[in-house]
Amino acid sequence: MELVRRQTGKVLSQLGLEGGPWSVCLVGRDRVAVALLKVQKVQLIKIKGNTLVKDKVLKVSHLVYGITTSGDNLVVTYKEQPWLEVISTDGKVLHQFHSTGKTQHFNEPHFITTSPDGTLWVSDVGNNTIMKMDASLTILQTFTSPLLQWPHGITAVTEDEIIVCSNRNKSLVLLQPSTNTMSTLLGKDDGIESPHSLTYFPQERQIFVASDWADSIKVFKFT
């Protein structure tokens, strides 16, 4: 795990973790939660100045794939049921989402993000869909498009601007829920190659994109 200065790319701090970091989210201004690969744990980390310091470890029921915040709590996705859980930063399970048989909604949920209004957005690589959910894990709406092929990383710019990594299509897709439309935001001609995860920096309206097998992060201006 590394803390990097955004403007220069300089590594400020490094921290070894059990199992390796898979996905990460901010918890407040000075703490992050990291889903650990191959272990059923979430590591909380404090940011003290320019240094990363381990905080508590939360044990969870399965291997975590995606992680985000919902108010003061964490929301995680699993590759098995329960598909999603809302947990407190003390590790208490507050809500779960299960689905079976004809009510199956998820096939393989991957990444998850929270929009400014508190709505949750989940990418499902198995169904090529995006799910909109509330803080109690109730499904509100489902979105799909031929542009979505293996949807991976997902981030919310606004309540009506959701950006998704379409991994197989080698593109970033912009979902606008109010009109139920999707469009290609960036593609291969823009340097997008097998996008895996991304995040949005609102102060400068920048998108940071990590791709499979790449050892660098590409930065784009969102206009």
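Student: In strand 14, which residue is the bridge partner of Met131?

Tutor: In this predicted model, strand 13 pairs with strand 14, residues 139-144, in the antiparallel sense over five bridges. The two strands form a hairpin with five residues between them, and Leu137 in the turn has a positive phi of about 70°. Across this pairing, the partner of Met131 in strand 14 is Thr142.

Student: Which residue of strand 13 is the bridge partner of Ser123?

Tutor: Strand 13 also pairs with strand 12, and these two strands run antiparallel, joined by five bridges. Within that pairing, the residue of strand 13 that partners Ser123 is Ile130.

Student: What is the phi of Asn128?

Tutor: Asn128 is found in the loop between strand 12 (120-124) and strand 13 (129-133). Those strands form a hairpin with four residues between them, and Asn128 belongs to its turn. The phi is positive although the residue is not glycine, and its value is near 55°.

Student: Is Ser194 buried or exposed?

Tutor: Ser194 lies in the loop between strand 18 (181-186) and strand 19 (195-201). Its relative accessible area is 7%. Because the cut-off for a buried residue is under 20%, Ser194 is classed as buried.

Student: With which side chain does the side chain of Ser194 make a polar contact?

Tutor: The backbone of Ser194 has a positive phi, near 50°, in a residue other than glycine. Its side chain takes part in a polar contact at 3.4 Å, and the partner is the side chain of Lys170.

Student: Which residue of strand 6 is the bridge partner of Ile47?

Tutor: Strand 5, residues 41-48, and strand 6 run antiparallel and are joined by seven bridges. In strand 6, the partner of Ile47 is Leu52.

Student: How far apart in space are Val53 and Phe106, C-alpha to C-alpha?

Tutor: Val53 is found in strand 6 and counts as partly exposed, at 29% relative accessibility. In sequence, Val53 and Phe106 are 53 residues apart. In space, their C-alpha to C-alpha separation is 35 Å.

Student: By what angle are neighbouring strands turned against each other, on average, in the open sheet 7-8-9-10?

Tutor: This sheet consists of four strands with antiparallel pairing. Strand 7 (64-70) and strand 10 (93-97) are the edge strands, and each pairs on one side only.

Student: Which residue of strand 9 stands opposite Val75?

Tutor: Four bridges join strand 8, residues 73-78, to strand 9, residues 84-87, and the two run antiparallel. In strand 9, the residue opposite Val75 is Val86.

Student: Is the peptide bond from Gln81 to Pro82 cis or trans?

Tutor: Pro82 lies in the loop between strand 8 and strand 9. The omega of the bond from Gln81 to Pro82 is near 0°, and the bond is cis.

Student: How many residues of the lining of the second largest pocket are charged?

Tutor: The second largest pocket has a volume of about 160 Å³. Its lining consists of Trp22, Leu36, Leu37, Lys38, His62, Leu63, Val64, Tyr65, Lys79 and Glu80. Six of the lining residues are nonpolar and one is polar, while the number of charged residues is three.

Student: Which residue of strand 21 is the bridge partner of Ile207?

Tutor: Strand 20, residues 206-211, and strand 21, residues 217-221, run antiparallel and are joined by five bridges. Their hairpin has five residues between the strands, and Trp213 takes a positive phi near 65° there. In strand 21, the partner of Ile207 is Phe220.

How values were computed
Residues are numbered from 1 along each chain as its sequence is written. This is a predicted model: local features need pLDDT of at least 70, side-chain atom pairs count only at pLDDT 80 or more; totals for chains, interfaces and linings use all residues. Side-chain values use heavy atoms; hydrogens and water are left out. Two strands pair if DSSP finds at least two bridges between them. On a 1 Å grid over the protein atoms alone, a cavity is a set of points where a 1.4 Å probe fits but cannot get out, and a pocket is an open set with protein on both sides within 12 Å along at least five of seven lines; lining residues have an atom within 4 Å of a point. Grid points are joined across faces, edges and corners, and a volume is the space filled by probe spheres set on the points. Ala, Val, Leu, Ile, Met, Phe, Trp, Tyr, Cys and Pro count as nonpolar, Asp, Glu, Lys and Arg as charged, and the others, Gly among them, as polar. Buried means under 20% relative accessible area, exposed over 50%, partly exposed in between (1.4 Å probe, protein chains only). A polar contact is a pair of N or O atoms within 3.5 Å; within protein, one must be able to donate a hydrogen and the other to accept it, and residues adjacent in sequence count only if both atoms are side-chain atoms.
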